[in-house]
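Please find my notes on the model below. They are set out as numbered points, to be read alongside the sequence and structure.

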Amino acid sequence: MKYLENIGVFLLIGIWIILAIWGVLMGVLESKSLFASASIVVIWGVILILLTSAIVRRYKESKSDPYKDVEI
C-alpha cells in the first residue's frame with residue numbers, strides 16, 4: 001500500500017507542475033506588458049522552488065523519523 005501512496009503523491013505533484021506551467025504560459029502569452037509577464041514567471045518560479053524544497057526536506061526528514069513505526 002505504501003507504493004500506491006507514493007504514486008499518488010507523485011501524480012499530485014506532477015499534475016500541479018503541469019497546471020502551473022500551463023498557467024504561466026497562458027499568463028505570459030496573454031499579457032501585453034513585459035513587466036507583468038516577467039512578474040508572473042518569477043512568482044510561479046518561486047512557488048515551484050518553495051514547493052520542491054519543502055517536499056525534498058520532508059522526504060529527508062521521513063527517513064529518520066523516530067515515530068514512523070508508531071500506529072494510532
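1. L4 is exposed, at a relative accessible area of 52%. The classes used here are buried for under 20% relative accessible area, exposed for over 50%, and partly exposed in between, with a 1.4 Å probe and protein chains only. L4 is found in helix 1.

2. A word on the source: this is a predicted model, in which local features need pLDDT of at least 70, side-chain atom pairs count only at pLDDT 80 or more, and totals for chains, interfaces and linings use all residues. Residues are numbered from 1 along each chain as its sequence is written, and side-chain values use heavy atoms, with hydrogens and water left out.

3. The protein chain has two helices and zero strands. Both terms refer to DSSP runs numbered from the N terminus: H or I over at least four residues for helices, E over at least two for strands. Helix 1 covers residues 2-30, and helix 2 covers residues 34-63.

4. L4 also belongs to a nonpolar surface patch of about 630 Å², together with I7, L11, I15, L19 and W22. Such a patch takes residues with over 30% relative accessible area and no salt bridge, joining nonpolar side chains (Val, Leu, Ile, Met, Phe, Trp, Tyr) within 5 Å and like charges within 9 Å. A salt bridge here is a side-chain nitrogen of Lys or Arg within 4 Å of a carboxyl oxygen of Asp or Glu.

5. What is the radius of gyration of the protein chain? It is 17 Å, whereas a compact globule of 72 residues would have a value near 11 Å. The radius is taken over C-alpha atoms, and the globule rule is 2.2 Å times the number of residues to the power 0.38. Along its principal axes, the C-alpha trace spans about 55 × 20 × 15 Å.

6. Of the 72 residues of the protein chain, 7% count as buried. The chain exposes about 6500 Å², and carbon and sulfur atoms supply 73% of that area. Accessible areas come from the Shrake-Rupley method with a 1.4 Å probe; for residues, only the protein chains shown count as cover.

7. Two further residues of helix 1 deserve a look. G23 is partly exposed, at 24% relative accessible area, and its C-alpha lies 21 Å from that of V9, 14 residues away in sequence.

8. In helix 2, S39 is partly exposed, with a relative accessible area of 25%. The C-alpha atoms of S39 and V28 are separated by 9.4 Å, and the two are 11 residues apart along the chain.
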